[in-house]
Amino acid sequence: MSQQFTYYSNELCQIHQEPCTNMCINTKCLQPLCPECIEIHFREHKECQIESLKSCRTNCSKKIRSSISEMNQILSLQEMKTIENSSQYIEMCRDSLQQLKKQLIDKIELYNKKLLQDFNNHLIQTFKDSQIKEVYNRIKNLIQQLDELGTKLETQSDCQIKTIRSIYLLNTTQLIQSASQEAYKEIMKLKFPLLVVSQNLNQKLDELFAQSIQIQFKKTNPSMLKIEDKLQQNIQPINVQDIAFMNQSPLLSQINEIEQAKKQSEFTITMEDYLLPNVQNKVLHYFKYNSYELNLINLDNPKVTKKINLKISFPIPVFHQSLITKTGQLYVIGGTTIDNNYPNNKSNGIYLFDQNSLVNVGHMLISRSSHGCCIIGDYIYSISGLGQGQTLEKSCERFNYILRKSEKIQDCLYPSIASCCVNYNNQYIYKFGGLYEKQQMNFIERFNIKDMIWQAIDPQITNKDIPLFKGLKQFAAGVQISSNSLMIFGGYDENTVSSNQSFLFTIKNENHILHMVNVKHLKIPGGFWHSQCIIYKQELFVVQNQENKDSETLETKTILRFKDKWTIC
C-alpha cells in the first residue's frame, strides 16, 4: 500500500489558528494560508497565485528531481569522467587530434590545388595584358643609344665639344628613375597575385584551422553541445561559418577583396555594433536638460522617438553626461543643478535608469559638469570639466558600474571643459580640445588604460589640410569607425559659433595623422551636448543640438546618421 500524506501543515494560521492547507506561490509572497485566509488574500494581493499544499509539494519535488537529473547529465560527460580514468580521455583527445590533422591536410591540399589553378590562369591573362615587353625593349634601346654615345666619345681621337656638352646636359638620374618606375610598375602587375597570396594565406589557414577545430569539437562532444545550447538559448548564437571559399576561386576572390578594399572610402564604418546582440531595445538616447524627460530613439526606425516621463523628485542637471552601456543600461553622470538658492551647484551623482526612474547607484569623487566622458569595459571615465565654484578641474576619475565604486586616476595634462573623449580599441582614451579659460584649446592627449597615464599627442597634418583645419572645438563628438581611425566632427568655437568641421584621426603605431578635413563635413553646423555616438549596422548615429535663427541652442534635437555621407533622420 502506498504511503498516505495528509496535505496540511502543522503550522497554524496566525490569524485563525487553523492548519494551513494552501500557499500563495508568488515568489514575492510565499504566504501559507488556511481556508478562511484564501478569500482575504485574493482581495489584498492582486498578483496572488494560490495553490494547495499538495500541489506545492508535487511541484517542488519535480523541481528538485529535474535539477538533479540535469546535474547528473553534466556529471555523465566524458570529460567529467576523467577523474576516474584520465589516460582514457587523453587517448580520446589524441585520436581527435589525428582526425583533425588529416582533415586539415586534405583541405589544405584541395585549397592549394585550386589556388595553383587560378594562379596559373590569372598569370596567363596578366602576361597578355602586360606591357612589360614594350618596357623591356624601350629600356634596352635606351641602353644601346647610351652605349653608342659612349663608344663614339671613347674611340674618336678629336674632342667633340658638341657631344661632351650634350652628355653634361643629359639628366641620367631622371632617365634611370623613369626606367625604374616603368619596370617596377609592370613587375608589380605580375607579382600582384603572388603578393595577394602571401598576404592572405596565413589568415585563410588560421580561419580554416579554427573552423576545423570547431567542427571536430562538435563531432566529439555532442553532449557538451547540448548543455551549451541550453546555456545559450536566451542569447543570439554565433554561427560557425561554412568554408565558402573552398567552393570559389580563392585567388580571384582574394584579388577582388583587395581591389574592393582599395575602392572603399576611408570613412567606411567597419566597427562592430556597439550594443550587444541580446540587447532587445537598440536605442540612441538623451535626457532633456532641466526636465523630467528621457527620449529614446529607435535605431531601426530613427524617426520614432519614445518620450518617457521620469518618476524623479529633481530635474535633470544641465551639462551632465549620459551613456548607454553595451548591455543597454543608461547612466546619468554629474551636471549642474538649476536651483535659485544654490546657483551653479555641481552634482556628483551617478544615476541608473530603472523602471522609469533614476536610481542613485554611486557618486563621483569630485562634483563636476561639462566634463569629458567615456565608457571602456566596466568603467565610466569622467575627465576634467567644471567643478564647484566654476573652477576648472584637472582631476579625472573612473566608476566601476559593476562594483559601484569610484576611484581616482591621473590628472589630465590639459584641463578643459566640453572636450571630446573617444575610446580607441579599449586601450586608450583620446581627448580632443575643449575650452580653457574661454579660449579654444588646440591640444590632444590620450590616456593609456593599461599604464594609467596621460600622454601629449602631436599629430601630423597633411599640407592640403592645414588651411582647412580650424582648430579643435568644444562640444564636438567623435567615435572610432575603423580599426585605426577616429572620426571627429562638429562643435563650437570660443565665441559659441557653430562648426560643421569634420576630420579623420588615424593612428599607425605611434604616428598620428589628422587628415580628410571637411571631406565629410556636417550638413548643419552645430555642437553635441549629448555626444555618445552609437555604431549600428555599419552606420553612425548621434544626437545633435538644434539652433534657431539667432544661433541659440534649443532643447529640440536633430538625429544624424552617417554611412559615407551625413543624413538627417
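A residue counts as exposed when its relative accessible area is over 50%, and as buried when that figure is under 20%, with partly exposed in between. Keep those cut-offs handy as we walk through this predicted model.

Let's start with lysine 408, which sits at 52% relative accessibility and so lands in the exposed class. Its side chain meets that of aspartate 411 in a salt bridge, 2.8 Å from N to O. Aspartate 411, at 31%, is partly exposed.

Now look at glutamate 407. Its side chain forms a salt bridge with arginine 398, at 2.5 Å from N to O. Glutamate 407 has a relative accessible area of 29%, so it is partly exposed, whereas arginine 398 comes in at 12% and therefore counts as buried.

A further pair is glutamate 445 and lysine 431, whose side chains meet at 3.1 Å, N to O.

On to the nonpolar side chains. In soluble globular proteins, these tend to be buried together. Here the largest nonpolar core has 37 residues, and Leu310 and Leu358 touch the most other members. Leaving aside residues up to four places away in sequence, leucine 358 touches Phe287, Leu310, Ile312, Phe314, Ile316, Val332, Tyr351, Leu352 and Phe353. Another core, of 18 residues, lies apart from that one, and its members include Tyr424, Ile444, Leu472 and Ala476.

Notes. Residues numbered from 1 in each chain as written. Predicted model: local features only at pLDDT ≥ 70, side-chain atom pairs only at ≥ 80, totals over all residues. Heavy atoms only, no water. Core = buried A, V, L, I, M, F, W, Y, C linked by side-chain atoms within 4.5 Å. Buried < 20%, exposed > 50% of the residue type's maximum accessible area, 1.4 Å probe, protein only. Contact = heavy atoms within 4.5 Å. Salt bridge = Lys/Arg side-chain N within 4 Å of Asp/Glu carboxyl O.
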